[in-house]
Amino acid sequence: MSVPFPEPTSLVASHAEVFLTYLDYFRSVLLKKIDGLSEEKLRQSVLPSGWSPIELVKHLRCVEMRWLVWGFEGKEVSDPWPDRRDHRWYVAPEESLGQLVEDLLAQAATTRLIVESHALQERGRPGERWDGDQPATLERVLFHLVQEYARHIGHMDVARELIDGDVGE
Amino acid sequence: MSNVWSAGEDPRTYGNPVGEKATYQEYLANYRLTIEMKCSGLDAEQLAERSVPPSTLSLLGLIRHLAQMENHWFQRVLQGRTDPPRLYKREDDPDWDFAGATPDPVVVDDALATWKGEIAKAEEWFDTVKEGDLGREISFDAGTVSTRDVLVHVIEEYARHAGHADLLRECIDGRTGE
């Protein structure tokens with residue numbers, strides 16, 4: 001699944017589609033950046049802060065779930081933080097990359113469905129995520145998600161280059 | 001994590017901007033400040049350090065690249081000012097923004113002043129843009145771009161480069177966060 005970069009000059013159907021296309025693009029870059037890494041490299045950190053590529057895959061799926069399902073839709077989620085343990089990112093040894101990628105793509109489909117069924121100006125439903133604050137609009141949520149993905153992909157760009165010198169967009 | 005900025009030092013705002021233009025303005029302002037924070041307290045040697053080898057990325061190279069990027073989108077594309085030469089591009093070296101990032105205080109001062117100059121020009125122009133004009137299509141190259149799509153692009157480009165800056169800084173002196 002390779003998604004071309006959403007150039008500002010390419011035509012898109014709507015503002016919502018711009019956000020969705022960026023998210024599709026970043027997920028495809030993420031998968032490209034982890035492609036070919038051994039189990040060892042996937043679960044090992046190349047940085048003092050200690051995060052590993054496989055943890056990033058799980059983290060981004062959870063970020064998407066927290067913002068759109070737990071947040072915007074206001075749904076109850078029994079454990080909104082499965083990517084975290086003792087204030088650090090966490091992936092159990094028995095969690096496989098294949099499963100985590102499948103989960104990420106399923107979350108992506110959920111995101112698309114939610115975005116396509118609401119207007120960008122619609123506010124989220126109150127729920128635990130907002131902790132009493134006024135829920136954000138869908139547009140603001142998507143904006144946040146796009147820039148959070150972008151920054152993490154920036155992390156993965158550098159991590160992959162540190163691992164084996166592989167570069168590219 | 002260690003070495004994070006204390007809350008009192010963080011110059012960024014986390015308001016609740018109302019409307020599309022205000023949202024773009026807040027994200028832009030915060031990312032520009034984030035990059036500046038990532039560079040703060042470092043000398044020319046550290047700013048030019050290729051701290052994540054084999055990459056040729058450096059914080060100084062990023063500043064030069066971001067100056068070029070601001071100039072490209074805000075001046076050349078959105079305002080059609082294509083006469084002045086591209087910043088930090090050389091015919092013999094398309095990656096001069098990164099390649100020319102040498103540990104020389106003159107190069108550092110030039111990069112910071114150029115980047116901040118481009119930011120000031122971009123802000124001055126954006127202040128004049130009306131909320132209702134964000135969807136306006138502008139001719140560029142063979143096609144068109146909307147102001148909105150350019151702004152979203154600039155912000156995601158800043159965000160991805162902030163991700164690069166995070167790790168460059170972590171590998172220079174261990175500082176993370178922000």
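**Figure 1. The elements of chain A follow the order α-α-α-β-β-α-α along the sequence.** The model is predicted: local features need pLDDT of at least 70 and side-chain atom pairs count only at pLDDT 80 or more, while totals for chains, interfaces and linings use all residues. Residues are numbered from 1 along each chain as its sequence is written, and chains are lettered from A and ligands numbered from 1 in the order in which they are written. Chain A holds five helices and two strands; helices (H or I, at least four residues) and strands (E, at least two) are DSSP runs, numbered from the N terminus. The radius of gyration of chain A is 16 Å, close to the 15 Å that the globule rule gives for 169 residues, so chain A is as compact as a globular protein of that length. This radius is taken over C-alpha atoms, and the rule is 2.2 Å times the number of residues to the power 0.38. Along its principal axes, the C-alpha trace of chain A spans about 45 × 40 × 25 Å.

**Figure 2. Chain B contains six helices and two strands.** From the N terminus on, these elements run α-α-α-α-α-β-β-α. For chain B the radius of gyration is 17 Å, close to the 16 Å given by the globule rule for 178 residues, so this chain is as compact as a globular protein of that length. Of the 178 residues in chain B, 38% are buried. A residue is buried if 20 or more other C-beta atoms lie within 10 Å of its own, exposed if 12 or fewer, and partly exposed in between, with C-beta atoms placed from the backbone.

**Figure 3. In the interface, 23 residues of chain A are in contact with 28 residues of chain B.** Two residues are in contact if their C-beta atoms, placed from the backbone, lie within 7 Å. Helices α1 (15–34) and α5 (138–164) of chain A each supply at least two residues of the side that touches chain B. Helix α5(A) gives the most to this side, with 14 residues. The residues of this side of chain A divide into 11 nonpolar, eight polar and four charged. Ala, Val, Leu, Ile, Met, Phe, Trp, Tyr, Cys and Pro count as nonpolar, Asp, Glu, Lys and Arg as charged, and the others, Gly among them, as polar.

**Figure 4. Helix α4 of chain A covers residues 97–116.** Its 20 residues reach 29 Å from the first C-alpha to the last, close to the 28 Å expected at 1.5 Å a residue; the expected span is 1.5 Å times one less than the number of residues. The buried residues of α4(A) are A:Leu100, A:Thr111 and A:Val115. Seen down the axis of α4(A), these fall within an arc of 50°, so they line one face of the helix; the arc is that of the directions from the helix axis to the C-beta atoms. They pack against α1, α3 (53–72) and α5 of chain A. The face turned away from the buried side carries exposed residues, including A:Gln99, A:Glu102 and A:Glu116.

**Figure 5. The largest nonpolar core has 76 residues.** Such a core is a set of buried Ala, Val, Leu, Ile, Met, Phe, Trp, Tyr and Cys residues joined through C-beta atoms within 7 Å. A:Phe26, A:Val146, B:Ile63 and B:Ile155 touch the most other members. The largest share of this core, 12 residues, comes from α5(A). Not counting residues up to four places away in sequence, A:Phe26 touches A:Tyr149, A:Ala150 and A:Ile153.
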